[in-house]
Amino acid sequence: MSDVTGTIRKVVLDGITFDAMGAANIKETGSGWENDVIVTSGRNIRKMTKRAETREGIDIAANGTERELLQELAERMDDFPMSYETAAGDVYRCVGWIEFEARETEESKATIKMFPRDTWESFLSA
């Protein structure tokens with residue numbers, strides 16, 4: 001178990017490694033279920049709704065060539081392998097697709113979302 005935090009080490013999309021921006025901070029959906037409540041005149045009823053375990057706010061370096069790669073991946077009809085590695089060395093992998101949200105030319109920063117077809121597999125550092 002490692003208590004190291006910080007910049008994401010890398011993001012890999014369909015075998016292509018992208019550099020994470022220095023302040024990259026991936027927002028991970030906590031679980032595959034959203035918990036809510038249905039209020040009644042007596043007890044509360046727990047409502048569980050299935051949801052995708054998305055990864056959001058992923059900032060990566062993207063020059064013009066990398067921008068074209070991201071556009072192609074976002075428009076692809078077939079799923080592809082994806083992964084990212086945290087500062088602690090934990091690796092998360094899945095097969096799915098991305099949303100290419102935007103690119104800022106001032107810093108060559110692209111922002112993407114990652115969507116799994118099923119679930120993320122975790123490989124945690126010792």
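Reader: In which strand does Glu28 have its place?

Author: Glu28 sits in strand 3, residues 27-28. A strand here is a DSSP run of E with at least two residues, a helix a run of H or I with at least four, and both are numbered from the N terminus. The model is predicted, so local features need pLDDT of at least 70 and side-chain atom pairs count only at pLDDT 80 or more, while totals for chains, interfaces and linings use all residues. Residues are numbered from 1 along each chain as its sequence is written, and side-chain values use heavy atoms, with hydrogens and water left out.

Reader: What makes Glu28 count as partly exposed?

Author: Its relative accessibility is 39%. Buried means under 20% relative accessible area and exposed over 50%, with partly exposed in between (1.4 Å probe, protein chains only). Glu28 at 39% therefore falls in the middle class.

Reader: How far apart are Glu28 and Glu53, in sequence and in space?

Author: In sequence Glu28 and Glu53 are separated by 25 residues, and in space by 7.1 Å from C-alpha to C-alpha.

Reader: Which residues line the largest pocket?

Author: Glu28 is one of them, and the lining also has Val4, Thr5, Gly6, Ile8, Ala24, Asn25, Ile26, Thr86, Ala87, Ala88 and Asp90. The pocket holds about 180 Å³ of space. Its lining divides into 6 nonpolar, 4 polar and 2 charged residues.

Reader: How many aromatic pairs does a search of the whole structure find?

Author: The search finds 3. One of them is Tyr84 with Tyr92, a stacked pair at 5.2 Å centre to centre and 20 degrees between the planes.

Reader: Which residues do ring pairs link into a cluster?

Author: The cluster consists of Tyr84, Tyr92 and Trp120.

Reader: What lies over the face of Phe123?

Author: Arg93 does, at 4.5 Å from the ring centre. A charge sits over a ring if NZ of Lys or CZ of Arg is within 6 Å of the centre and within 35 degrees of the ring normal.

Reader: Why is the contact of Glu72 with Arg76 called a salt bridge?

Author: The closest N and O atoms are 2.9 Å apart. A salt bridge needs a side-chain nitrogen of Lys or Arg within 4 Å of a carboxyl oxygen of Asp or Glu, so this contact qualifies. Glu72 is partly exposed at 38%, and Arg76 is partly exposed at 26%. A search of the whole structure finds 6 salt bridges.

Reader: What makes Lys113 and Glu101 a salt bridge?

Author: Their closest N and O atoms are 3.9 Å apart, which is within the limit. Lys113 lies in strand 9 and Glu101 in strand 8, so the bridge ties together parts 12 residues apart in sequence.

Reader: Which residues are linked in a network of salt bridges?

Author: Asp14, Glu72 and Arg76 are. Asp14 is in the loop between strand 1 (10-13) and strand 2 (16-18).

Reader: What phi does Asp14 have?

Author: The phi of Asp14 is positive, about 50 degrees, although Asp14 is not a glycine. Most residues other than glycine have a negative phi. Ser108, also not a glycine, has a positive phi of about 50 degrees, and Ser108 is in the loop between strand 8 and strand 9.

Technical notes:
Phe/Tyr/Trp six-rings, centres within 6.5 Å; stacked < 30°, edge-to-face > 60°. 1 Å grid on protein atoms, 1.4 Å probe; cavity = no way out; pocket = protein on both sides within 12 Å on 5 of 7 lines; lining within 4 Å. Points joined across faces, edges and corners; volume = space filled by probe spheres on them. Nonpolar A, V, L, I, M, F, W, Y, C, P; charged D, E, K, R; others polar.
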